Amino acid sequence: MAEKLLMKGNEVLAEAAVRAGCRFFFGYPITPQNEIPEYMSWRLPEVGGVYLQAESEVAAINMVFGAAGAGARVLTSSSGPGISLMQEGISYIAAAELPCVIINVARGGPGLGGILPAQSDYFQATKGGGHGDYHLIVLAPHDLQEAFDLTVLAFELADKYRNPVMIYVDGFLGQMMEPVEIRDPVDLSNIPPKPWAITGAKGRKRNLIKTLYLEGEMLEAHNFKLKKKYEEIAQNEVRYELYMMEDAEIAISAYGISARISKTAVKILREKGIKIGIIRPITLFPFPYNVYESFSDKLKYVLVVEMSMGQFVYDVDYGLKRKVPVDLLSHAGGIAPTYEEIVSCIMEKFGKGGN
């Protein structure tokens, strides 16, 4: 039976993974996500799972490759610099079509940067951060209940599409505490079989998992196969929230913690008589381009709020077909936007004396 608990965000992500059937965790410590491996180090043995602190992020992601190839539900977590080190392995996992879940609790960069929250890994997460043509499915919760639910969903999607899935949050969501309804564990007997997995070829034809295609025609065919899968994902798995958009003439577009902050600004602006709402992507890949396009003839202005120097804004502008003026309110280095400055941005344009 579900129970409601006051938990820290990183611990919510870890518990959700366990309840989704994850039984293997490989990772290496980095702030601000250290509560995830710490939690898994005592929680996984309770359910018969395996926790292993690798000697590096490179080792961890290759252990994920092995466990995923054997058909296990497997998780790793890190932050920006660690995710950067994992990119080669992530590309291999995507090429081998292996299901796994990767949590990125993002911090400010570039370089080693700092330990404060940021959303500056957007391009890395959504455009395929490693080599070759591939995509992760990227889920971006904006509160801890959604973080729990999307983590459970992440394992389902990873298995369904044989594709790595990233939970992309920032350090605020990782470190904050709030009540969360902890759903019942999934029934492991209901997880679909994985006949492709390498489990010992006794009584069946052997399976082969590889990413090396030396003949150009074969590699191109594999890329077309992956492309077709990504199109299927885009057709079926787009998720988004429209907040007070019914009569909106102006929109804020934001994801994750920036969207949550923006909701307060929208409530204040609505009290001032401004018809404004929020378009919030929940899946960053696949991105809800069609949703933005559906508003491209209705809106007269969009303010993009993100904790990076302008990455997410490119997808918003593309989705709107460049028919709507778009401005960017950005912060970096661990500085979050405030609802006061969002209100101020809108009032300067559309308050008394504005446009």
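Biologist: Which residue is the bridge partner of Ser77 in S5?

Modeller: Ile103 in S5 is the bridge partner of Ser77. Keep in mind that this is a predicted model.

Biologist: How many bridges join S4 to S5, and in which sense do they run?

Modeller: Four bridges join S4 and S5, and the two strands run parallel.

Biologist: And S2 with S4, how many bridges there?

Modeller: Two bridges join strand S2, residues 24-27, to S4, again running parallel. Phe25 has Leu75 in S4 as its bridge partner.

Biologist: Is S4 enclosed or open to the outside?

Modeller: Strand S4 covers residues 74-78, and five of its five residues are buried, so the strand is largely enclosed by the rest of the structure. "Buried" here means under 20% relative accessible area.

Biologist: Which residues sit on which side of S4?

Modeller: Val74, Thr76 and Ser78 are on one side, with Leu75 and Ser77 on the other. Both faces of S4 are covered.

Biologist: Zoom out. What is the strand order in the sheet of seven strands?

Modeller: The order is S3-S2-S4-S5-S7-S6-S12. The sheet is open, with mixed pairing.

Biologist: Which strands stand at the edges, and what does that leave them with?

Modeller: Strand S3 (50-53) and strand S12 (283-285) are the edge strands. Each has a single partner strand, so one side of each has no neighbour in the sheet. From one strand to the next, the twist averages 20°.

Biologist: How do S5 and S7 pair?

Modeller: S5 (residues 100-106) and S7 (residues 164-170) pair in the parallel sense over seven bridges. Cys100 stands opposite Pro164 in S7.

Biologist: What about the sheet of five strands, in what order do they come?

Modeller: That open sheet runs S9-S11-S10-S13-S14, and its pairing is mixed too. Strand S9 (240-243) and strand S14 (326-330) are at the edges, each with a single partner strand, so one side of each is left without a neighbour. Neighbouring strands are turned by 20° against each other on average, direction ignored.

Biologist: How many bridges join S10 to S11?

Modeller: Four bridges, with S10 (residues 250-253) and S11 (residues 276-281) running parallel. Ile252 stands opposite Ile278 in S11.

Biologist: New topic. How much space lies in the largest pocket?

Modeller: About 280 Å³.

Biologist: Which residues lie nearest its centre?

Modeller: Ser91, Ala95, His131, Thr211 and Leu219 do, out of 13 residues lining the largest pocket. The lining holds six nonpolar residues, six polar and one charged.

Biologist: Which helices each supply at least two residues of that lining?

Modeller: Helix H5 (87-96) and helix H9 (216-236) do. H9 gives the most, with four residues.

Biologist: And closed holes? How many cavities of 30 Å³ or more?

Modeller: Two cavities of 30 Å³ or more.

Biologist: What lines the largest cavity?

Modeller: Gly9, Leu13, Pro141, Asp143, Leu144, Ala147, Val169, Leu173 and Gly174 line the largest cavity. Helix H1 (9-19), helix H7 (144-161) and helix H8 (171-175) each supply at least two residues of that lining. Six of the lining residues are nonpolar, two polar and one charged.

Biologist: And which residues line the second largest cavity?

Modeller: Ala118, Gln119, Tyr168, Val169, Asp170, Tyr255 and Gly256. S7 provides the largest share of that lining, three residues.

Biologist: Where is Glu11 found?

Modeller: Glu11 is in helix H1. Its relative accessibility is 27%, so Glu11 counts as partly exposed.

Biologist: What separation do the C-alpha atoms of Glu11 and Tyr92 have?

Modeller: They are separated by 28 Å, with the two residues 81 apart along the chain.

Biologist: Last one, H10. How many residues does it have, and how far does it reach?

Modeller: H10 spans residues 256-271, which makes 16 residues. From first C-alpha to last it reaches 24 Å, close to the 22 Å expected at 1.5 Å a residue.

Biologist: Which residues of H10 are buried?

Modeller: Gly256, Ile257, Ser258, Ala259, Ile261, Ser262, Lys263, Ala265, Val266 and Leu269 are buried.

Biologist: What happens just after H10?

Modeller: Gly273 takes a positive phi there, of about 90°.

How values were computed
Residues are numbered from 1 along each chain as its sequence is written. This is a predicted model: local features need pLDDT of at least 70, side-chain atom pairs count only at pLDDT 80 or more; totals for chains, interfaces and linings use all residues. Side-chain values use heavy atoms; hydrogens and water are left out. On a 1 Å grid over the protein atoms alone, a cavity is a set of points where a 1.4 Å probe fits but cannot get out, and a pocket is an open set with protein on both sides within 12 Å along at least five of seven lines; lining residues have an atom within 4 Å of a point. Grid points are joined across faces, edges and corners, and a volume is the space filled by probe spheres set on the points. Ala, Val, Leu, Ile, Met, Phe, Trp, Tyr, Cys and Pro count as nonpolar, Asp, Glu, Lys and Arg as charged, and the others, Gly among them, as polar. The expected span of a helix is 1.5 Å times one less than its number of residues. Buried means under 20% relative accessible area, exposed over 50%, partly exposed in between (1.4 Å probe, protein chains only). Two strands pair if DSSP finds at least two bridges between them. Axes are lines fitted to C-alpha atoms, for helices over the stretch in contact, and angles run from 0 to 180 degrees between N-to-C directions.
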